[in-house]
Amino acid sequence: MRFSPQDEEFRRRLRRWLAENLTGRFAGLRGVGGPGREHEAHAERVAWNRHLAAAGWTCLGWPAEYGGHGATFAQQVIFHEEYARSGAPPRVGYMGEELLGPTLIALGTPEQRRRFLPPVAAVAELWCQGYSEPGAGSDLAAVATTAALDGDEWVITGQKVWTSLAQVADWCFVLARTDPGSRRSQGLSYLLVPMRQAAITVRPIRQLTGTAEFNEVFFDDARTGHENVVGEAGDGWRVAQATLAIERGVATLGQQVGFRRELDALVDLARRGPAAADPVLRDKLARAWIGLEAMQAHALATLENAAPRTGSFGPGSPGTGSPGASGAEASVTKLLWSRWHQALGELAMEVLGAPSMAARGAPYDLDDWQRLFLFSRADTIYGGSDEIQRNIIAERALGLPRQARP
Ligand SMILES: Cc1cc2nc3c(=O)[nH]c(=O)nc-3n(C[C@H](O)[C@H](O)[C@H](O)COP(=O)(O)OP(=O)(O)OC[C@H]3O[C@@H](n4cnc5c(N)ncnc54)[C@H](O)[C@@H]3O)c2cc1C
């Protein structure tokens with residue numbers, strides 16, 4: 001990818017800002033809060049994210065009229081690269097900024113944008129994603145949570161599961177069935193629901209890493225205003241799909257810079273131990289390096305194709321300011337990174353050898369490599385499982401016959 005002199009100036013300014021600001025009370029946040037460590041230093045990370053927001057480093061791709069900065073595609077790429085390179089912690093406002101915000105910019109009402117976008121940009125309200133249910137994961141159209149209008153409020157009943165960061169979220173975008181006799185993708189609505197009410201119970205789910213990043217969420221006649229439906233009532237499937245398309249946008253590039261840091265650290269580790277003399281491990285490390293290069297080239301090419309020549313809107317996310325790859329290309333990107341990252345975790349265990357099999361201390365004190373290995377088991381599941389990505393590639397890119405649907 002080529003960057004203009006203005007882009008390079010943007011990069012220098014951002015790099016300088018990060019170096020000058022990840023200091024003092026924020027110095028300890030470098031490297032904190034990665035996979036399996038989402039519980040760490042939450043309050044400090046919120047303060048850091050608000051500091052970023054106050055300096056104008058959130059919602060870069062959003063149009064200025066919605067509190068964004070109208071940054072070009074190249075500048076968004078640079079932001080994600082530099083942010084990951086600096087070691088700054090994952091952004092706690094990710095779901096509001098990258099998923100809900102662009103969805104509202106594309107499909108929300110002017111009132112919804114006025115009410116919900118400023119607190120996202122300022123990191124004053126955090127969001128979570130309420131799609132999956134015990135009976136609806138890959139088969140999302142099986143959503144059974146219901147919502148019915150009672151006067152001027154929606155009353156929501158049902159259960160969501162695997163809801164990441166629900167324990168800290170102020171709001172949830174919920175996919176619920178609002179048309180009682182409807183089936184599959186018909187009759188669903190996309191509702192914005194306040195999390196802090198007695199009718200919502202959040203129960204943490206403990207993961208392989210020993211931590212609890214995601215949750216079960218129970219709605220027992222929970223309420224939200226009638227105006228908090230995005231798109232038309234009954235048109236929630238289309239809105240939910242728009243959010244999913246955005247999910248695989250430009251932010252994946254920052255993730256890959258994080259991958260590069262992990263791979264570099266693993267190569268360092270290998271150099272210092274017996275793995276350096278093992279030709280099979282050396283070969284696997286070289287393959288990992290090549291895989292990452294290929295993945296990065298693919299992501300850049302597809303995202304750049306999706307971004308228009310001028311401005312920052314991409315067809316993957318119409319009018320959202322956040323370029324996104326669409327359809328089968330996004331599925332190839334997801335498949336490439338999920339398999340690569342899971343293999344990296346496995347390779348780390350090989351490089352460490354036998355000690356990788358024991359925790360450092362009681363009761364369950366894992367090091368970063370063990371956490372990476374265990375957490376990356378989830379990579380091939382969330383955001384759409386590998387099997388589902390292969391189905392999409394088969395049907396939409398290769399034109400193979402459609403899989404039989406229930
Ligand atoms: C770490 C993590 C965070 C998550 N965060 C959130 C969140 O914040 N909000 C949210 O709503 N959800 C979240 N999820 C849920 C995630 O979206 C689902 O786990 C995912 O969609 C798979 O659904 P499932 O778990 O019900 O598995 P299932 O759909 O039951 O799938 C089970 C297995 O069957 C395979 N399978 C299913 N259907 C097919 C098919 N048609 N063809 C071939 N194979 C198939 C799958 O690939 C999988 O291997 C999260 C999940 C994880 C692991």
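In the predicted model, the side chain of serine 164 places an N or O atom 2.8 Å from a nitrogen atom of the ligand. A nitrogen atom of the ligand also lies 2.9 Å from a backbone N or O atom of tryptophan 162. On the oxygen side, an N or O atom in the side chain of glutamate 387 is found 2.6 Å from an oxygen atom of the ligand. On its own the ligand has 960 Å² of accessible area, of which the protein covers 68%.

The shell around the ligand consists of 17 residues, and the closest of these are Gln129, Ser138, Trp162, Ser385 and Glu387. By residue class, the shell comprises 9 polar residues, 7 nonpolar residues and 1 charged residue. Helix α11, which spans residues 386–397, supplies 3 residues, the largest share of the shell.

Helix α11 is 12 residues in length, and its first and last C-alpha atoms are 15 Å apart, close to the 16 Å expected at 1.5 Å a residue. Its buried residues are Asp386, Gln389, Ile392, Ile393, Ala394 and Glu395. These buried residues pack against α9, a helix covering residues 327–352. The helix α11 is followed by glycine 399, which has a positive phi near 70°.

Helix α9, the packing partner of α11, contains 26 residues and reaches 38 Å from its first C-alpha to its last, close to the 38 Å expected at 1.5 Å a residue.

When residues up to four places away in sequence are not counted, glutamate 97 touches Thr58, Cys59, Leu60, Trp62, Arg91, Pro102 and Val120.

Conventions. Residues numbered from 1 in each chain as written. Predicted model: local features only at pLDDT ≥ 70, side-chain atom pairs only at ≥ 80, totals over all residues. Heavy atoms only, no water. Near = heavy atom within 4 Å. Polar contact = N/O pair within 3.5 Å; in protein donor to acceptor, adjacent residues only side chain to side chain. Areas by Shrake-Rupley, 256 points an atom, 1.4 Å probe, with all protein chains shown as cover. Helix = DSSP H or I, 4+ residues; strand = E, 2+ residues; numbered from the N terminus. Nonpolar A, V, L, I, M, F, W, Y, C, P; charged D, E, K, R; others polar. Expected span 1.5 Å × (residues − 1). Buried < 20%, exposed > 50% of the residue type's maximum accessible area, 1.4 Å probe, protein only. Contact = heavy atoms within 4.5 Å.
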